[in-house]
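Please read it alongside the sequence and the coordinates.

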Amino acid sequence: MKVEKEYVFDSPTGKKTLADLFDGRNQLIVYHFMFGPEWEEGCPSCSMVADHFDGTGAHLANRDVTLVAVSRAPLAKIAAFKQRLGWRFKWVSSFGNDFNRDYRVSFTKEEVSQGKMEYNYTTQQFPNDEAPGASVFYKDDDGEIFHTYSTYGRGAETFIGTYSYLDLVPKGRDEDGLAFTMAWVRHHDRYSNDYFAEGKPQQSARNDAQSSCCAENA
């Protein structure tokens with residue numbers, strides 16, 4: 001589907017259009033990172049996804065693909081959180097434009113309270129006003145941009161290499177009995193040395209998990 005609307009994002013090097021995000025390539029993957037304007041930090045589950053980004057950038061670039069994260073949080077919050085977790089991947093802010101709304105990953109407070117939002121190609125309830133997903137775009141030789149694919153909910157698991165490793169070991173993902181499948185996930189700087197998913201985490205860790213929100217809704 002041709003992208004007709006003009007989107008302008010805030011980046012560390014100034015304003016960028018959607019066309020600019022391609023960085024000279026023809027294919028663009030946008031990861032919709034859950035980080036709302038009023039949030040103090042990004043979603044722990046999305047952060048687990050993002051932990052896999054830095055190692056892929058050079059490989060993707062050499063196959064004509066650019067990977068960018070987009071969040072509604074203001075750029076200053078994104079920059080501080082990115083520095084805290086030591087990431088280098090490209091991450092821009094959609095604060096003030098309709099990009100997240102148009103690609104069905106941000107909802108109004110009214111939609112959340114009513115439990116009715118369009119997410120993952122259906123009308124359903126989602127526990128937050130931000131949701132995870134990925135969208136893919138193609139720019140042709142004339143500079144026209146087309147939206148070619150989006151995936152949401154559990155569809156974003158393809159980005160999580162950690163799960164591929166866990167699927168090899170005897171205990172697997174070991175998520176049975178948790179409040180939701182990713183309840184064990186923390187920001188990588190908040191795991192305690194003796195924490196296991198089946199154990200009893202400290203209260204601060206439990207609160208961190210509950211604030212995650214990339215829960216079971218798909």
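## Contacts and overall make-up

Among contacts (heavy atoms within 4.5 Å) between residues at least 6 apart in sequence, 62% join residues at least 24 apart. The protein has eight helices and nine strands, these being DSSP runs numbered from the N terminus, with H or I over at least four residues for helices and E over at least two for strands. Of its 218 residues, 45% are buried, where buried means under 20% relative accessible area, exposed over 50% and partly exposed in between, with a 1.4 Å probe and protein chains only.

## Basis and confidence of the model

This is a predicted model, in which local features need pLDDT of at least 70 and side-chain atom pairs count only at pLDDT 80 or more, while totals for chains, interfaces and linings use all residues. Residues are numbered from 1 along each chain as its sequence is written, and side-chain values use heavy atoms, with hydrogens and water left out.

The average pLDDT, the predictor's confidence in each residue on a scale from 0 to 100, is 89 for the protein, and 88% of the residues score at least 70. Over residues 197-211 pLDDT stays under 50, and for this stretch the model has 20 contacts beyond four places in sequence.

## Nonpolar cores

In soluble globular proteins, nonpolar side chains tend to be buried together. A nonpolar core is here a set of buried Ala, Val, Leu, Ile, Met, Phe, Trp, Tyr and Cys residues joined through side-chain atoms within 4.5 Å. The largest such core holds 39 residues, of which Tyr31, Phe33, Phe35, Phe53, Trp87, Trp91 and Phe159 touch the most other members. At least two residues of this core come from each of β3 (27-32), α2 (44-50), β4 (65-71), α4 (75-85) and β6 (117-119), and α2 supplies the largest share, four residues. A second, separate core has 15 residues, including Val3, Leu18, Phe99 and Ile145.

Leaving aside neighbours within four places in sequence, Phe53 is in contact with Tyr31, Leu67, Phe89 and Phe159. Val49, a residue of helix α2, is buried, with a relative accessible area of 3%. With neighbours within four places again left aside, Val49 is in contact with Tyr31, Phe159 and Ile160, and its C-alpha atom lies 9.0 Å from that of Phe33, 16 residues away in sequence.

## Two further buried sites

Ser11 belongs to strand β1 (residues 8-11) and counts as buried because its relative accessibility is 8%. The side chain of Ser11 reaches the backbone oxygen of Gly14 at 2.7 Å. Beyond four places in sequence, Ser11 is in contact with Lys16, Leu75 and Val92.

Pro132 is placed in the loop between β7 (122-124) and β8 (133-139), and is likewise buried, at 7% relative accessible area. Between the C-alpha atoms of Pro132 and Arg154, which are 22 residues apart along the chain, the separation is 9.1 Å.

## The largest pocket

The largest pocket has a volume of about 380 Å³. A pocket is an open set of points, on a 1 Å grid over the protein atoms alone, where a 1.4 Å probe fits, with protein on both sides within 12 Å along at least five of seven lines, and lining residues have an atom within 4 Å of a point; points are joined across faces, edges and corners, and the volume is the space filled by probe spheres set on them. Its lining comprises 17 residues, of which Met1, Asp102, Tyr103, Arg104 and His147 lie nearest the centre. Strand β9 (residues 145-152) gives the most to this lining, with five residues.

Definitions and conventions: A polar contact is a pair of N or O atoms within 3.5 Å; within protein, one must be able to donate a hydrogen and the other to accept it, and residues adjacent in sequence count only if both atoms are side-chain atoms.
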